[in-house]
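The sequence and coordinates are shown first, followed by notes grouped by topic.

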Amino acid sequence: MRRLWSLYGGYALGFVSLFLIWHLASLYVVSSVLFPPPTVVFKKAVVLVRSGVLLEHLSASIQRILMGFIAGSLLGMPIGLAMGSFRPVRKLLEPYTEFLRFIPSVAMITVAVIWFGIGEGSKIFLIIYTTIFIVILNTAAGVSAIAPNKIRAAQSLGATRAQIFLHVALPATVPFILTGMRLAMANSFTTIVAAELIAANEGLGKMLWDGRMFMLVDDIFVSLVTLGLLGFAVDRLFRWSIFTFAGKYSPAT
Amino acid sequence: MSTPLVSFRDVEKTYRSLQGVDYGAVEHFNLDIEAGEFFCLLGPSGCGKTTVLKMLAGFEAPSTGEILMDGRPVTGASRDRAVVFQGDDSLYGWLTAIENVEFGLRMRHVPKAERRARARHYLELVGLTGQAQKYPAELSGGMKQRIQIARVLANEPTMLLMDEPFAALDAQTRSLMQEELANIWQTTRTTVLFITHDIDEAVTLGRRIGVMRAGPRSQVKGVIEVALEGARTRTDDVFLRYYKQVYEMIRDEVATAMARAR
């Protein structure tokens, strides 16, 4: 019990105070239908869960994020490893990465919709786009952080270049890859909401947009809180898995 | 004398600094190392000892001159020349002690059962049988250096290159490790090039000691043969005589190195 408290007590207290401040603010400071208190939002959330609407929007957004995120990470990893390991590859691909990563994914929404329509294609494209460059950059940075002696040791133990790539560069870079993925996940949230706001038939972003159209303020808040909680949970999961599975991987020691 | 295993022939290595100034680490560097000998290369800090080792390891190429091993020029890293590094950053933190020791064998696709057995044998040789399943981060500095030694021995190289492998260890651990290394060398008789700046260490381990001049543009000033058989004791008269002989040869070089650093 004491252990549980020391681990999660702070979080629990933080969340309680967050909702308390929100509650007090909406009742006594702003006091408007445009800023509903958490109790009202929670009630609305229960209604939306019962009717299945929330779950429909939530699963649509999660699906898009996961598909784009996994595809983007799987593409980004080998490209980042190759760019970090081989100079000519880096020189060749840097114009792409350094040019494209400064065009925000939000700016690509219009193009994505023109190319892939308002269905899943455009959303997944945008999530891949927002994921891939961060994963590439972090992976490449991880490769250059590898202690030279790790590579030299492998060379003088008889490893080939391909073996060094697979057995030294890849595992040594794991923490950087995961950090890149964690950052990319945060960006995916921004991107998916923006994309769904503009063009989608369902999703948490679409829910926000409908809320504005039909003045369903409570729905807007349900969507916002869901996004926040989902992001928080996913990020904790990432941190936990980095800590648990990748603790022993390190480029330096 | 038979043909040496390794020969440095008029080797020169020049580095260029970021400011574009050339710095000659070694110049007209000549050295022969015989098969099966334990050769200590001793010199003041900054004299280019590590440069010599890196060139022989194949990590860096000489600017001019050549390095021959078994009569063939050294062109890159190879499993003939295994390296034990000074720090512990060459170990693979995601592999257990025994997996680190197996690394070279695994790269050569030695079957799992055989490489396990060989890795166990060498872990036993360095006294780490009980630590086989631990990760490097869980081991002390001395243990990590033992893993490095087991890792290179398991790969059965023609020669070992050791770059001040015990420099970062505390005094007690260091002298224990020197003793163990001396014993291991007695059993394996692998050719060793051992880099150090510690006279005591050189006299304890080396069959021959090459003393280098102060850098830049360093060379071997002289080579002293240490005719001490069996275990060496620091308080032994003969040991002290060799210590003094080496000390006298290196003293001026250390003074020069310090003066140049000022």
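The model is predicted. Chain A has ten helices and zero strands, while chain B contributes strand S6 and helix H2 to the side that touches chain A. In chain B, strand S9 is largely enclosed by the rest of the structure.

**Chain A**
- From the N terminus on, the elements of chain A run α-α-α-α-α-α-α-α-α-α.
- Along the principal axes, the C-alpha atoms of chain A fill a box of roughly 70 × 55 × 30 Å.
- Chain A has 253 residues, of which 38% count as buried.
- Taking contacts in chain A between residues at least 6 apart in sequence, 74% join residues at least 24 apart.

**Contact between chains A and B**
- The contact takes 17 residues from chain A and 23 residues from chain B.
- On the side of chain B that touches chain A, strand S6 (81–84) and helix H2 (97–107) each supply at least two residues.
- By class, that side of chain B has twelve nonpolar, six polar and five charged residues.

**Strand S9 of chain B**
- Strand S9 (residues 208–212) of chain B is largely enclosed by the rest of the structure, because four of its five residues are buried.
- S9(B) pairs in the parallel sense with strand S3 (residues 38–42) of chain B, over four bridges.
- B:Arg208 in S9(B) is the bridge partner of B:Phe39.
- S9(B) and strand S10 (residues 220–225) of chain B run antiparallel and are joined by five bridges.
- B:Ile224 in S10(B) is the bridge partner of B:Ile209.

Notes. Residues numbered from 1 in each chain as written. Chains lettered and ligands numbered in written order. Predicted model: local features only at pLDDT ≥ 70, side-chain atom pairs only at ≥ 80, totals over all residues. Contact = placed C-beta atoms within 7 Å. Nonpolar A, V, L, I, M, F, W, Y, C, P; charged D, E, K, R; others polar. Buried ≥ 20, exposed ≤ 12 C-beta atoms within 10 Å, placed from the backbone. Pairing = 2+ DSSP bridges.
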